[in-house]
Amino acid sequence: MSDLPPRLDPLTTTLLREAYHKILALGGDRFAVYDQVRRTLAKIAHIDSFYIGLLHGQNKVRYVYGTEDQKFDDPVLNAYGPNGPVAWLLRHRQTYRFFYDQGAVLSAGTSFGDVTRESADVVTVPMFRPEKNAPDSVIGMVSLHSYTPDVYDDHAVRAVEWLTAALARIIVRQEEDRLTLHHLTSDEEGHDALTSHRVLEYLSGHISGIRTTAREVIETPGPALEDTLRALREVMQRCERIQYELIDMTSRADLGPATRFAALTPSESTVALLIARGMGNQDMATELGLSVNTIKTHVRNILRKYDAPDRDQVAADVRRHLQ
């Protein structure tokens with residue numbers, strides 16, 4: 001974990017450190033992690049609209065978490081164009097701030113929250129994944145919007161950048177852990193496969209819990225306004241989590257990466273998994289007990305089947321498949 005950036009005041013430093021440890025404690029509960037990121041940043045800077053997006057496939061973004069006036073906004077999967085904020089981040093690979101172009105790039109992007117109001121200040125920070133022998137790849141972004149101008153000063157931007165970098169490292173580490181476990185899993189086990197049966201099972205379980213909450217309130221005798229409000233809040237929170245988890249599932253429902261990975265032979269799929277882990281030919285040969293020439297043959301076949309110019313593109317596609 002890198003040190004905090006300079007010139008952050010003691011209170012902000014304390015908030016960021018506390019947030020980081022809380023995020024680590026939350027483990028794989030991504031919804032709770034995203035919520036903690038927003039809550040922390042709201043203590044540092046004014047936020048009217050907030051979202052976290054993760055790149056998906058070649059030209060889409062999963063907006064997995066968002067709020068408008070502290071109320072949960074529906075998660076969505078959208079394609080991005082060549083001139084909007086996402087394309088700007090991919091081109092410039094740095095934080096976008098409203099005053100760079102007075103928000104002009106926002107008009108070419110996806111609208112969020114209250115579409116009748118225009119953002120007067122914005123800071124959007126890219127999340128990066130470290131790559132070997134290549135520039136770090138952009139995997140997503142954290143964005144804060146305000147309807148009041150000039151609220152995100154340099155101090156606030158540094159805080160957002162630090163927490164976004166911490167979030168990116170946690171997401172990448174979780175992805176690497178999942179990759180490692182997947183490498184140990186036989187094809188017959190298929191623990192991570194997203195099927196209609198798994199989705200149905202997931203929805204059935206959560207809807208059953210919501211129905212139980214509603215039934216308990218209905219069957220409670222006498223006046224119970226507070227109990228009703230409590231139950232409604234619980235139902236709302238459960239629905240928000242279901243919405244988030246369903247959009248998160250779309251990362252595993254992209255058939256493109258799955259189809260390409262399925263076209264590999266068992267030996268090629270093993271090599272592709274190691275490519276996704278950033279291993280070179282010699283390391284793979286040692287890992288698998290094969291000659292370097294055999295590894296090179298597998299790599300050539302994989303590149304041909306993926307119609308990819310280099311192994312970095314294969315690695316990114318395999319990671320999308322496993323995600």
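**Aromatic pairs and a helix crossing**

Okay, let's start with a tyrosine: Tyr-244 is buried, at a relative accessible area of 3%. Keep in mind that this is a predicted model.

So what does Tyr-244 pair with? Its ring and that of Tyr-34 have their centres 5.9 Å apart, and with the planes at 85° the pair counts as edge-to-face, because anything over 60 does. Tyr-34 is buried too, with a relative accessible area of 0%. Now look at where they sit: Tyr-34 is in helix 2 (residues 30–44) and Tyr-244 in helix 6 (residues 225–249), so this pair ties together parts that lie 210 residues apart in sequence. Both tyrosines also belong to one aromatic cluster, along with Phe-31, Phe-50, Tyr-65 and Phe-72.

If you search the whole structure, you get 13 aromatic pairs. Another one is Phe-99 with Tyr-100, ring centres 5.0 Å apart and planes at 75°, so that's edge-to-face as well.

Helix 8 (residues 266–276) and helix 11 (residues 311–322) have axes that come within 8 Å and cross at roughly 100°. That makes helix 8 and helix 11 roughly perpendicular to each other. Which residues meet there? From helix 8 it's Ala-272, Leu-273, Ile-275 and Ala-276, and from helix 11 it's Arg-311, Val-314, Ala-315, Val-318, Arg-319 and Leu-322. By class, this contact between helix 8 and helix 11 has eight nonpolar residues, two charged and no polar ones.

Definitions and conventions: Residues numbered from 1 in each chain as written. Predicted model: local features only at pLDDT ≥ 70, side-chain atom pairs only at ≥ 80, totals over all residues. Heavy atoms only, no water. Axes fitted to C-alpha atoms, helices over the stretch in contact; angles between N-to-C directions. Helix = DSSP H or I, 4+ residues; strand = E, 2+ residues; numbered from the N terminus. Parallel < 35°, antiparallel > 145°, perpendicular 65-115°, else oblique. Contact = heavy atoms within 4.5 Å. Nonpolar A, V, L, I, M, F, W, Y, C, P; charged D, E, K, R; others polar. Phe/Tyr/Trp six-rings, centres within 6.5 Å; stacked < 30°, edge-to-face > 60°. Buried < 20%, exposed > 50% of the residue type's maximum accessible area, 1.4 Å probe, protein only.
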